[in-house]
Amino acid sequence: MNKIEKIRAKKGKGKITMLTCYDYSFSRVLEEAGIDIILVGDSLANVVLGLDDTRQVSAEEMFNHTRAVCEAAKKTPVVADMPYATYQKDTDKCLRNAEKFMEMGADAVKVEWFKDCPAVVDILVKAGIPVMGHIGLTPQTVHLLGGYRVQGKDEPSASRIKEQAKILEDKGSFSLVLECIPSQLASAITGELKIPTIGIGAGRFCDGQVLVLYDIIGLYRDKKPRFVRAYMNLSRELEEAVLKFKEDVEKGVFPSPEESYR
Ligand code: KIV
């Protein structure tokens with residue numbers, strides 16, 4: 001079984017864990033911790049590049065970070081987020097970009113739902129590129145969704161999301177991210193699909209959970225959505241380390257003779 005088949009085989013057999021990652025050193029830690037999937041998310045735009053909108057990250061930036069992550073993730077499947085405008089309009093460009101992610105070492109790409117998403121998944125899957133779909137709150141088209149808010153709260157919108165899930169499964173996606181939808185809806189979709197669902201702000205009844213790495217370590221402080229659980233406060237610890245370094249240098253106690261060459 002290859003890495004992607006192993007993820008598919010986890011459907012209904014315990015929870016899948018996925019975290020975002022953007023560089024070599026963090027990727028090494030995630031691999032050693034045995035996380036199931038590493039996602040090079042376009043949230044890179046927010047948490048690494050400091051931009052407001054995930055649509056502002058470029059293909060080149062995503063390629064570089066994907067390569068860095070893949071240098072450390074040898075056993076863990078790496079999924080690369082296809083950034084905005086790299087797959088929506090032009091089929092040849094979409095295929096070229098997805099192939100470039102695979103050349104960088106990714107095992108699969110992720111695409112967000114939009115009206116021609118089924119055709120995109122079809123093209124990629126037929127070209128042998130494994131695809132993870134992303135439905136519910138899709139940040140790349142947030143302007144069409146009334147902003148960053150929970151999706152699928154009323155019946156018509158819940159049915160639309162269920163329909164999208166089924167279409168993406170039928171087109172050959174190997175798994176689906178469900179973002180910011182009510183847990184009952186996520187549970188219904190998870191029950192209806194044969195492929196694993198991975199939730200973010202979608203309650204506990206998905207086949208797996210994903211969060212942004214910088215959120216769970218308390219490094220990104222600009223926004224904290226309700227679904228985030230921070231397991232440490234790395235920004236505080238980092239600040240303490242930086243202050244200690246500054247103090248040692250200013251007092252003349254760093255470097256010590258042992259930290260110097262004769
Ligand atoms: O880019 C990202 O971090 C994502 C996750 C929120 C699923 O797409």
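At 62% relative accessibility, Glu32 is exposed. Keep in mind that we're looking at a predicted model here. Glu32 has a charged partner, Arg28, and their side chains meet in a salt bridge at 3.7 Å, N to O. Both sit in helix H2, and because they are 4 residues apart, about one helical turn separates them. Arg28 comes out as partly exposed, at 43% relative accessibility.

Now for a pair that reaches further along the chain. Lys10 and Asp36 also join their side chains in a salt bridge, with 3.3 Å from N to O. Lys10 is in the loop between helix H1 (3-8) and strand E1 (16-20), while Asp36 is in the loop between helix H2 (24-33) and E2, so this bridge ties together parts 26 residues apart in sequence. Is Asp36 buried or exposed? Asp36 is buried, with a relative accessible area of 16%, whereas Lys10 is partly exposed at 28%.

How many salt bridges does the structure hold? The count is 13. Another of them links Lys244 with Asp248, whose closest N and O atoms are 3.4 Å apart. These two share helix H10 and are 4 residues apart, about one turn of the helix. Lys244 is partly exposed, at 46% relative accessible area. There's also a network: Lys166, Glu169 and Asp170 are joined by salt bridges that share partners.

Phe245, Val249 and Phe254 make up a nonpolar surface patch of about 270 Å². Phe254 belongs to the segment after helix H10 (234-251). With 35% relative accessibility, Phe254 counts as partly exposed.

## Ser43, tucked into a loop

Look next at the loop between strand E2 (37-40) and helix H3 (44-47), where you'll find Ser43. Ser43 has a relative accessible area of 12%, and it counts as buried because that is under the 20% cut-off. What does Ser43 touch, once neighbours within four places in sequence are left aside? Its contacts are Thr20, Tyr22, Val48, Thr54 and Val212.

## The largest pocket

The largest pocket has a volume of about 900 Å³. Its lining takes in 37 residues, and those nearest the centre are Leu137, Glu179, Ile200, Pro225 and Phe227. Which elements give two or more residues to that lining? They are H3, strand E4 (108-112) and strand E6 (175-179).

Note on methods:
Residues are numbered from 1 along each chain as its sequence is written. This is a predicted model: local features need pLDDT of at least 70, side-chain atom pairs count only at pLDDT 80 or more; totals for chains, interfaces and linings use all residues. Side-chain values use heavy atoms; hydrogens and water are left out. Patches are made of residues with over 30% relative accessible area and no salt bridge: like charges are joined within 9 Å, nonpolar side chains (Val, Leu, Ile, Met, Phe, Trp, Tyr) within 5 Å. Accessible areas come from the Shrake-Rupley method with a 1.4 Å probe; for residues, only the protein chains shown count as cover. A salt bridge is a side-chain nitrogen of Lys or Arg within 4 Å of a carboxyl oxygen of Asp or Glu. Buried means under 20% relative accessible area, exposed over 50%, partly exposed in between (1.4 Å probe, protein chains only). Contact means heavy atoms within 4.5 Å. On a 1 Å grid over the protein atoms alone, a cavity is a set of points where a 1.4 Å probe fits but cannot get out, and a pocket is an open set with protein on both sides within 12 Å along at least five of seven lines; lining residues have an atom within 4 Å of a point. Grid points are joined across faces, edges and corners, and a volume is the space filled by probe spheres set on the points.
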